[in-house]
Amino acid sequence: MDERLNYLILAVSLLGFVSCQELVISPKQDTLVKKVDEGLSLKCTVEGLTESETPSIQWFSATGEQITSKTGRLRIMSFSSNELTLLIRKLIDGDEGQYTCKATISGNPIEKNIEIQLYRGITIKGSPHLQRPNVNTDAFIECDADANPVPTVHWTFANEDPIPSGGRFVQQKEGLIIKNISEEDNGIYYCLINVGEMGDFRQYNITVQVTIPPKFDRPATSTDAIVGKRFEMSCYASGNPPPVFTFFKDDNPNPLDMPKFKVDKTNGKMEAELMEETDSGKYKCVASNEAEGVRGTTTGGQKQQTLDIVVKIPSKIQSVKDASGLMDTQAELTCVAEGNPAPDVTWKKFSTDSKFAVDSTLTQNAVAESTVEELPSGNKRVTSKYVFTSLKPSDTGAYICTAINTAGTAMENATLTVEFKPNFDNTPYTKTYGWASHKTNVTCLANGEPQAYIEWSRNDEVIAENNATYTISSKLGKGYVASYLMVSVENENEDWIYGDFLCTAKNGRGASTQVISLAKAVTPGTVLLSTDKTTPTSIEVLITPPSNDGGQPVIDYKIEYNLQGSTDIKTTYAQRPGQDAQDQRTKARLTDLMADSVYMVTVRARNAVGYGQPQTMTDQTPKVRKPDPVTFNSKGYGDNGDSYMVSWEKPLTGGKPLTGYKIVYRKVEVKGEDENSWEVVRMYDPENRNAPRDVTSYKITGLVPNTFYQVEVTAVNQLGASESRGKIFKTSKGDGTYQPITGEPLSEEVPAPPNTDTKPAEVSGAGMATGAIIGTIIAILIILFIIIDVSFYFNKQCGVLWTLQQKLAGKPPGESDGARDMEEGDKENKQPLLTEAKAEEVNEEEVPEKKNEALEGVMEEMSPDEKEAKQFAEMADTSPIKPDSPIVPQSEATIIVNPATPEAESHDDKPVA
């Protein structure tokens with residue numbers, strides 16, 4: 001009994017030992033999920049072994065094959081006797097399935113399984129990042145996500161706001177539907193993919209740009225297709241994305257391409273460098289922005305336009321036919337031209353501007369006729385005949401046949417020759433002139449076909465050879481011959497050399513003669529004289545050429561003049577105007593004359609023979625007088641708001657040098673629309689200024705912007721002032737604002753506007769009283785004035801003392817014994833009307849200038865203050881301005897000298913060179 005119990009206890013113990021041996025696979029999961037491309041390590045361990053037991057462990061793949069390799073992607077390795085590890089370096093498709101670890105312990109087998117599943121991650125099938133659905137369609141935005149386990153998909157806008165499902169947006173498993181999509185839906189959309197079981201997430205960005213199919217903005221255009229010329233066709237289409245252009249011809253499915261055609265697919269242009277006749281046809285332009293959409297769809301679209309192109313053939317003249325014939329017979333010129341369209345053919349005689357088309361009359365005895373035929377090639381042939389019914393010598397010459405169509409122009413010359421006996425239609429004259437000691441050319445020109453030859457005769461005797469009296473030369477031209485008979489006239493042969501010479505021209509069609517007379521030339525007849533303008537120091541003589549020029553044109557005039565009763569005769573010359581001048585009269589100005597004096601003027605005309613008979617006249621110069629009024633040349637609208645530049649032409653000075661100008665200006669109110677109709681209706685107090693004698697412009701400053709003013713300029717010499725001339729002007733707006741003055745017109749005696757100038761501050765403190773200072777200044781000015789006046793008395797014979805002395809002596813102020821009064825003006829710049837005469841003696845007006853130079857030398861030795869005082873004193877002495885009119889120094893007003901009016905005094909007194 002006890003022995004049986006012991007065996008039972010031993011058996012139970014052995015069973016318990018065996019049951020403790022087992023296989024353990026790490027990781028300890030029945031199913032293991034791994035991602036593709038990851039590595040895998042499975043460790044199989046036998047637990048519960050005794051020290052004396054050594055197991056045999058093996059690994060089997062999902063296909064049931066034992067894994068024995070210790071290298072490679074799938075391999076086994078062991079770090080102890082009771083374990084074996086399976087290593088897979090990189091999982092790939094096909095590695096999924098059940099893997100088994102088997103072990104044998106003391107002959108007893110045991111095994112353990114583990115299920116391997118592969119997780120391939122989130123994949124996107126198709127679904128491009130840029131999707132371009134057509135506008136105004138229910139667009140499907142594809143986001144086809146795949147994963148195992150099955151993923152969930154959500155959509156958001158680019159700002160990550162969720163897109164609600166409903167309305168225009170419908171979310172589906174494979175994508176998002178946007179109903180009636182427009183350009184406002186363009187943008188980035190986020191497709192959010194989530195695999196919760198794997199904790200995997202992916203954001204897939206999709207850009208949506210709506211496609212607008214192409215449309216043509218305007219019809220296709222092309223240049224003229226001309227054989228041998230460049231051709232261009234253009235299409236104008238828009239779309240989004242911009243369309244691509246291709247071109248096709250006729251029914252050819254292949255697009256036009258190099259080398260003959262150059263296509264700009266972006267801008268819709270097709271070019272062909274050289275067109276041929278065979279290039280005519282229908283040209284199609286296709287604009288397309290078609291593209292492959294999602295799920296096999298197509299986005300975009302295409303449009304096409306077609307042009308029917310006919311290649312034009314430029315005009316070409318195939319042949320021309322010359323013609324010839326006798327005078328009064330018929331002839332025709334022929335011109336054959338081709339082209340497409342049919343060319344228009346015209347005729348024109350060479351060296352004329354008149355064109356004559358088909359069926360129009362070129363001359364009274366010629367007409368143009370034309371016929372048109374179509375050639376098998378489609379080209380047009382035009383035959384034009386230019387028919388002369390009765391030939392004339394004048395019909396001879398070259399004729400131009402011109403063929404024109406829209407593709408080009410061609411020209412060829414045809415020659416018509418008319419045979420006729422010589423004529424003298426182009427002989428320049430039938431009468432010429434000669435005179436003693438002169439050789440005269442007698443010219444005879446003969447036209448003829450064939451070309452003529454010429455011989456000369458006189459009194460039925462042929463002039464055959466050159467000698468001392470006759471020399472013959474000739475010149476040949478196309479259709480003419482010119483013969484020149486040089487006749488030498490001497491005193492010894494004048495009694496017989498003049499008379500008729502006979503020119504005889506001959507050719508194969510006959511002979512013709514022409515009489516040319518050689519007459520004796522004489523000096524010109526008498527001229528007609530009158531005066532045009534007389535001043536105290538000048539006379540303007542108006543010379544009318546003689547009615548009889550003696551057979552030779554008048555070259556010039558000799559003018560002699562002197563004081564009546566004087567033997568001192570002066571001589572000058574005046575040129576006659578050119579033959580093409582409208583007025584053949586000559587104006588000659590005699591200058592440096594004495595005032596209030598009678599002059600005798602004698603004029604002779606000269607031609608190639610010599611001077612003719614004299615013609616004499618007398619004229620009296622007027623007394624010395626005040627200057628002529630000035631003439632303004634400044635415009636009515638000023639360039640500045642606070643100043644105005646008034647300018648004038650220098651007037652005639654009346655025989656005395658100008659001493660200066662008096663300038664008076666005032667603010668006025670006017671009526672009238674423009675400066676030609678301005679009329680003063682109200683005047684304000686004037687301002688007075690003085691300008692030196694050598695200026696013709698003056699800058700008035702301190703004016704009010706946008707305001708009317710009237711300025712008067714008076715020229716002054718030693719005898720007084722000229723008549724006053726006024727000009728109305730208006731200042732520009734400037735930076736100020738002007739309110740026009742309103743009210744009833746007043747007389748010239750109008751109170752001045754209120755003075756807004758700030759009064760100068762009074763001097764306070766110690767020092768001289770204001771009255772004492774003013775008295776001292778006045779005393780100094782009086783002393784300085786007396787000194788200057790005494791200097792003027794001895795050096796320049798002028799001034800107050802000089803005037804008093806002359807009045808007591810009974811002589812006019814400023815006039816010395818024997819002095820010659822000079823009419824001053826702009827000598828250097830004023831051009832004469834036609835011609836001026838110059839005396840052959842020294843101009844006495846230079847003498848006062850030398851005195852001025854001496855005075856300037858004295859002034860150079862003075863101080864600047866003394867110079868300025870002397871200048872103002874001189875102006876005060878010589879100017880007739882009232883004593884109460886203030887002399888304004890140059891520092892108070894800007895004086896600008898016009899460069900066009902230099903120092904010279906009179907614009908009418910310059911002698912002729």
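Author: Let's start with a cut-off: two cysteine sulfur atoms within 2.5 Å of each other count as a disulfide. Keep in mind that this is a predicted model. By that rule the structure holds 5 disulfides, and with the bonded cysteines numbered in sequence order, the pairing is 1-2, 3-4, 5-6, 7-8, 9-10.

Reader: How do you know that Cys 44 and Cys 101 form a disulfide?

Author: Their sulfurs sit 1.8 Å apart, and the cut-off is 2.5 Å, so the pair qualifies. Cys 44 belongs to strand β3 and Cys 101 to strand β8, so the bond links distant parts of the chain, 57 residues apart.

Reader: Is the disulfide of Cys 44 and Cys 101 left-handed or right-handed, and what makes it so?

Author: Left-handed, because the torsion about the S-S bond is about -90 degrees.

Reader: What makes Cys 444 and Cys 503 a disulfide?

Author: The S to S distance again: 2.0 Å, against a limit of 2.5 Å. The torsion here is about -80 degrees, so this one is left-handed too. Cys 444 is in strand β38 and Cys 503 in strand β43, which means the bond ties together parts 59 residues apart in sequence.

Reader: Why is Cys 444 called buried?

Author: Its relative accessible area is 0%, and buried means under 20%. Cys 503 also comes out at 0%, so it gets that label as well.

Reader: What about Cys 235 and Cys 285: are they buried or exposed, and how do you know?

Author: Buried, because Cys 235 has 2% relative accessibility and Cys 285 has 0%. They're joined by a disulfide with an S to S distance of 2.0 Å. Cys 235 lies in strand β20 and Cys 285 in strand β24, so parts 50 residues apart in sequence are tied together.

Reader: Is Ser 483 buried or exposed, and why?

Author: Buried: the relative accessible area is 4%, and the cut-off is 20%. Ser 483 lies in strand β42, and its contacts beyond four places in sequence include Cys 444, Ile 454 and Ile 472.

Reader: What makes the pair Ser 483 and Trp 456 a polar contact?

Author: Their side chains are joined at 2.8 Å, and N or O atoms have to be within 3.5 Å.

Technical notes: Residues are numbered from 1 along each chain as its sequence is written. This is a predicted model: local features need pLDDT of at least 70, side-chain atom pairs count only at pLDDT 80 or more; totals for chains, interfaces and linings use all residues. Side-chain values use heavy atoms; hydrogens and water are left out. Helices (H or I, at least four residues) and strands (E, at least two) are DSSP runs, numbered from the N terminus. Buried means under 20% relative accessible area, exposed over 50%, partly exposed in between (1.4 Å probe, protein chains only). A polar contact is a pair of N or O atoms within 3.5 Å; within protein, one must be able to donate a hydrogen and the other to accept it, and residues adjacent in sequence count only if both atoms are side-chain atoms. Contact means heavy atoms within 4.5 Å.
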